[in-house]
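Me: Got a model open here and want to talk it through. Can you take my questions as they come?

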Amino acid sequence: MSIDMSQFHQVFFEECFEGLESMESGLLNLDTGAIDSEVINTIFRGAHSIKGGSGTFGFTDVADFTHIMETLLDEMRDGRRQVTQPAIDVLLGSVDCLRTMLTSIQAEESVDSAAVEKYKTALEIELTGSASEPSTTTPTAATQPAHDNAETVVVVADEDMVEEKGWKIGFCPYLDLLKTGNDPVRMFRELAELGEYSVSVNTNDIPPFSKLDPEECNLSWALEVIGDIPESEIREIFNWVEGDCELDIQSFTKKTAKPASEAKITEPEAPPPVQEIEQPKPAPIAAKAVDSPSAPKPQAAQADNDPSKASAKSAASNSIRVDTTKIDTLINMVGEVVITQSMLSLIGENFTMDKLAQLKRGLAQLERHIRDMQQSVMNIRMVPISFVFSRFPRLVHDISTKLGKKIELKLVGESTEVDKAVVELISDPLVHLIRNSLDHGIEMPAERIAAGKPETGTIELNAYHRGGHIVIEIIDNGRGLNKAKLIAKAVEKGLLDENAVLGDKQAFELIFMPGFSTAESITDISGRGVGMDVVRRNIQSLGGNIEIISELGKGTTISIHLPLTLAIIDGQSVAVGDEIYIVPLVSIKESINITESMLNKIAGKGETYRLRNLYIPIIRMHEIFNVQPTDKANTGEGVIVVVERQGVLCGLFVDELLGPQQVVVKSLETNYRRVQGVSGATILGDGSVALILDIPGLVRYSNR
Amino acid sequence: MASILAVDDSASMRKMVTFTLKGAGYEVEEAVDGVDALAKAQAKRFDCIVTDVNMPNKDGITLIRELRSLPDYKYIPMLMLTTESSAEKKQAGKAAGATGWIVKPFDPDQLLKTLNKVLG
């Protein structure tokens, strides 16, 4: 029976990468000093599963490599080996190496064997401390064929003698043999397959009926098998019951007139299966060496299946793991919609006006269900932010070691969910920001002690939902931003006028300018000055924004606000002249009916409105969008929609409010081009296009 | 046809085992760890258990020990899938009541051959 193993490869790779991730996070946990046996166990299981799978699916390189890791981890698990920092570092490196290996194999590229060898050697050096095991494959591989040859030689010699070989087996099981699920009859059946066989049973030990326990095995047997059978094959049959019985295996030779050719036929076939399945006296290394003869087969199968593999590969990057409860909810919703729909079509079949109320009720129900369904579908795209966060412990570990700083990373709100598209796009900017915090933010231990701070700096990554947004904060307790230094640098670079007077916030904003870098020297971690402006641009292109709060000597907080999803928003439609605009509902604080006389004009500063104790700037929508005002606007009546952006308020003066509705966001940039004050467009129920207002942009504009 | 419970925390191995066994005409159910397997084995009587050893929540050896103590599974063959070919592991498995073991890596043919040893 041959099975196409390549169909399992995709699952296998996914599983491996997951396993590697948990190994990595486990290793990093060990790193902090606490030796938790459960953690070691988890890491071990990761290596173990990869080894088992890769061997089975024919990736012997991976299996060999993980075997060494596993051996090392096994010793740690059993307490035979101390968990040391160098060992952890080697293991972490090996995890990376393994990941690269698997990625190459998955992409069907050749594996960088030099790197693999490097880590293999490093692991072996770690291992040799114990000297309990030779860790290279070479010596065992060498002994193995030698052993085979020896066996063949014996067989050949026997052949010449034209003698018949056989085995006498005394098999006396202990009483409990049956309780392991082993059945002597099945073993005898196997023996019978090896050669001519005879059996006699000894019933002398059967107790009188009154004392008979049917669960016990009171029989013993004497067996004889005739045939040129290697001892290992006989032993293999009894392999599982070794220790549960008295077993006596003896060879004998009988001179008979058997043709020699028979032995010749059986001999070449017999040994390989034995070795593939089991070694008579297995040692870990022996099992590994045995891998090699069976390896070419699965690999060949793999090569045969290029097209299917390639398609599976491209699907991998787009796949998403969804909690089944989410799917169940969705299926429920669909069921509801179907029921409502059939109800509606029933009403529609013989419609009379007296059924109008029923129809309206049905439509309302449909609307509710579709809204719920939409929510559920969006939910499927939502993944926890831990997808991004999980890579940072490693990053912080590596970089802090490199820089010689002591840094603790705290992750808060990892389960906060956000759209998959946002997760993918936010990853790189976050890496950059964290690198910056590590490199520029946190001081060297000595400097920290001198400043009266704890030696170990902390970086906190915090994610939470606020309104329709996800907020990600990167908080460090490092040296903070030096306003004077920032300004001096900006002036020196010609980015700022010498006489400019800047507030804190504006000064911090300088670091987002292209070509700005304050690092005294450029390290390979950060400081090339191409970073922060790109970070900000990426975040803004996601419809988010980034801001900095910093106190000199105390630390810096960088907050990123991002929309939860990029596809659908709750909006409020407002009329301006003959046009309809959409204001994202999340940014609306309140709306007030006013007459123009309630506005205050300030020379050179535009108009303001007194909202309780606060004066807020007013934007006349028909002015900035150049829309012909209607008669109503001319009478000076209208509505102020008060919108907020991070605590800053602003009033949008529109003609009237039309009503809330959900809108599907279509990008203006891809269909037209970027327009100031507009973040996108949508199609209304009547087919016309309405623009969605860019509230952050408008608020910035109003405060200028 | 005999029904088999395949227990492994690794989805790829589980799939491979299931696929192979189903292809040979066995009835197969899957369990993701020892806890899952115990619950499934109690709900329905299987003719054979094939389990991985290293699993979270409950490992294969504990599973075998607990199953073996149930009247329904007193004589049912239970096989361990193990990469650990060390004698101690096998002894630990046997002490728990395992019928036998299959050493990873194995190919589908070996799996079927071994199962044939305990079923039929």
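Reply: Below, we go through the model topic by topic.

Me: What should I know about the model and the numbering before we start?
Reply: This is a predicted model: local features need pLDDT of at least 70, side-chain atom pairs count only at pLDDT 80 or more, and totals for chains, interfaces and linings use all residues. Residues are numbered from 1 along each chain as its sequence is written, while chains are lettered from A and ligands numbered from 1 in the order in which they are written.

Me: How many helices and strands in chain A?
Reply: Chain A has 26 helices and 22 strands. Those are DSSP runs numbered from the N terminus: helices are H or I with at least four residues, strands are E with at least two.

Me: And what share of chain A is buried?
Reply: 29% of its 704 residues. Buried means 20 or more other C-beta atoms within 10 Å of the residue's own; exposed means 12 or fewer, partly exposed is in between, and C-beta atoms are placed from the backbone.

Me: Switching to the contact. How many residues does each chain put in?
Reply: Chain A gives 32 residues and chain B gives 37 residues. Two residues are in contact if their C-beta atoms, placed from the backbone, lie within 7 Å.

Me: Which elements of chain A give two or more residues to that side?
Reply: α1 (9–31), α2 (37–56), α7 (184–194), α10 (271–277) and α11 (284–294) of chain A. α2(A) gives the most, with eight residues.

Me: How do the residues on that side divide by type?
Reply: 12 are nonpolar, 11 polar and nine charged. Ala, Val, Leu, Ile, Met, Phe, Trp, Tyr, Cys and Pro count as nonpolar; Asp, Glu, Lys and Arg as charged; the others, Gly among them, as polar.

Me: What does UniProt say about His48(A)?
Reply: An unreviewed UniProt entry places "modified residue: Phosphohistidine" at His48(A). UniProt positions are in the numbering used here, feature names are shortened, and annotations may be inferred rather than shown by experiment.

Me: Where is His48(A), and is it buried or exposed?
Reply: His48(A) is in helix α2 of chain A. His48(A) is buried, with 28 other C-beta atoms within 10 Å.

Me: What is His48(A) in contact with?
Reply: Glu70(A), Asn54(B) and Thr83(B), leaving aside neighbours within four places in sequence.

Me: Now chain B. Which residues of α2(B) are buried?
Reply: In α2 (residues 34–43) of chain B, they are Gly34(B), Ala37(B), Leu38(B) and Ala41(B). Seen down the axis, they fall within an arc of 100 degrees, so they line one face of the helix. That arc is taken from the directions from the helix axis to the C-beta atoms.

Me: What do they pack against?
Reply: The buried residues of α2(B) pack against β1 (3–7), β2 (27–31), β3 (48–52) and α3 (60–68) of chain B. On the other side of α2(B), Ala39(B) and Ala43(B) are exposed.

Me: Which residues have the most contacts inside the largest nonpolar core?
Reply: Ile4(B), Leu5(B), Ile49(B) and Val50(B), in a core of 75 residues. A nonpolar core is a set of buried Ala, Val, Leu, Ile, Met, Phe, Trp, Tyr and Cys residues joined through C-beta atoms within 7 Å.

Me: Last one. What is phi at Asn57(B)?
Reply: Near 65 degrees, a positive value in a residue other than glycine. Asn57(B) is in the loop between β3 and α3 of chain B.
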